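The account begins with the rings and then turns to helix packing and to the chain as a whole.

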Amino acid sequence: MSEAAVVANGLVKRFGSFTAVDHLSFGIPRGEIFGFLGPNGSGKSTTIRMLCGLLLPTEGDALVGGMSVSRQPERVREQIGYMSQQFSLYPDLTVGENLEFYGGVYGVTRRRFEERSDALLTRLNLAAERDRPAAELSTGVRQRLALACALVHQPPILFLDEPTSGVDPGARRSFFELIGDLAHAGVTTLVTTHVMDEAEHCNRLLLIHEGRRVAEGPPAALKAMVPGTLLQVRAEPPMRAVEVLGALPEVLEVSLFGTALHAAVGDGVGDPAGLLADRLRSAGVTVGEIEPVTPTLEHAFLALASGSREVGE
């Protein structure tokens, strides 16, 4: 690993008797796009708030740019840009005024602010909205404004918590193009998401579930961790097919996937497609096409989160 921008060591956050984050450890090299992938409520936002110095860990610590989030939270906040899930800017201020306010908070000089604001407004397609109050903006435009405010001081480390929530696919693609450009310029980005196709843009992913680490690695490596053979099955009636396949000891996982079923068959079965077809027909299910498919990150998360062991790179 190259020089780390972020290092977490055994982070724990408890709220009363509830453990939101359970002994998370990981490192993020400088210039990497690192993704937290997990369902809502898995501890992603709580972790990112600890890394921003906004929440103190119950146990453990993390270094962000070499600064301790427990002992030096103010120093941490000086070198990061943070974009939260919820729109946290000022609705009565215009786009330009919000940018100017955050530039002042971060101590950006007037000359430097004018250069940065013009560049950000152009790059994020906000120039035409400069004089509009933030309250009048659509969700997607508000998210672009929040990102501009997080970048106005050119932070070396960027934390983005569900940055494309409520954003259309085109704007989502633009977000990740910009994040890629920032990574090439050396900016380290941690992004939380529960959207699987967004996670494909990350160099590495940490899969978390119920506050605990499930697996870590590049997207391709995580997909390769899916056990067995994954098959797409077309059958009628589909719910009966799910019931039949779910009862087979050779089938590790089965679920509806659009108009078809996806079934993971364990290793050691010589003809997994033939096995499924025979069992379905024996149960009176009409069988159509059965073919192997490449696992997605969704398959990887479901397979790995359901297991009892932690998986590393």
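One aromatic cluster is formed by Phe26, Phe34 and Phe36 in this model, which is predicted. In total, the structure contains 5 aromatic pairs.

One of these pairs joins Tyr90 and Phe101, whose ring centres are 5.0 Å apart and whose planes meet at 75 degrees. Planes over 60 degrees apart count as edge-to-face, and the pair of Tyr90 and Phe101 is therefore edge-to-face. Where do the two partners lie along the chain? Tyr90 belongs to the loop between strand S6 (80-83) and helix H3 (95-105), whereas Phe101 is part of helix H3 itself, so the pair ties together parts that are 11 residues apart in sequence. Tyr90 is partly exposed, at a relative accessible area of 41%, and Phe101 is likewise partly exposed, at 35%.

Phe101 also pairs with Tyr102: the ring centres are 5.3 Å apart and the planes stand at 85 degrees, so this pair, too, is edge-to-face. Is Tyr102 buried or exposed? With a relative accessibility of 16%, Tyr102 counts as buried, because the limit for that class is under 20%.

A ring is involved in another kind of arrangement at Phe15. The charged end of Lys13 sits over the ring of Phe15, at 5.5 Å from the ring centre.

Helix H3, which carries Phe101, also packs against helix H4 (residues 110-123). The axes of H3 and H4 are 11 Å apart, and the angle between them is about 135 degrees. Angles over 145 degrees would count as roughly antiparallel, and those from 65 to 115 degrees as roughly perpendicular; H3 and H4 are therefore oblique to each other. The crossing of H3 with H4 is right-handed. On the H3 side, the contact is made by Val95, Gly96, Leu99, Glu100 and Gly103, and on the H4 side by Arg110, Phe113, Ser117 and Leu121.

The wider setting of these features can now be described. The chain comprises 11 helices and 14 strands, and its C-alpha atoms fill a box of roughly 75 × 45 × 35 Å along the principal axes. Of the 313 residues in the chain, 50% are buried. What share of the contacts with a separation of 6 or more comes from residues 24 or more positions apart? Such residues account for 69% of those contacts in the chain.

Technical notes:
Residues are numbered from 1 along each chain as its sequence is written. This is a predicted model: local features need pLDDT of at least 70, side-chain atom pairs count only at pLDDT 80 or more; totals for chains, interfaces and linings use all residues. Side-chain values use heavy atoms; hydrogens and water are left out. Rings of Phe, Tyr and Trp (its six-membered ring) pair if their centres lie within 6.5 Å; planes under 30 degrees apart count as stacked, over 60 as edge-to-face and the rest as tilted. Helices (H or I, at least four residues) and strands (E, at least two) are DSSP runs, numbered from the N terminus. Buried means under 20% relative accessible area, exposed over 50%, partly exposed in between (1.4 Å probe, protein chains only). A charge sits over a ring if NZ of Lys or CZ of Arg is within 6 Å of the ring centre and within 35 degrees of the ring normal. Axes are lines fitted to C-alpha atoms, for helices over the stretch in contact, and angles run from 0 to 180 degrees between N-to-C directions. Angles under 35 degrees count as roughly parallel, over 145 as roughly antiparallel, 65 to 115 as roughly perpendicular and the rest as oblique. A crossing is left-handed if the near helix is turned anticlockwise from the far one by less than a right angle, and right-handed if clockwise. Contact means heavy atoms within 4.5 Å.
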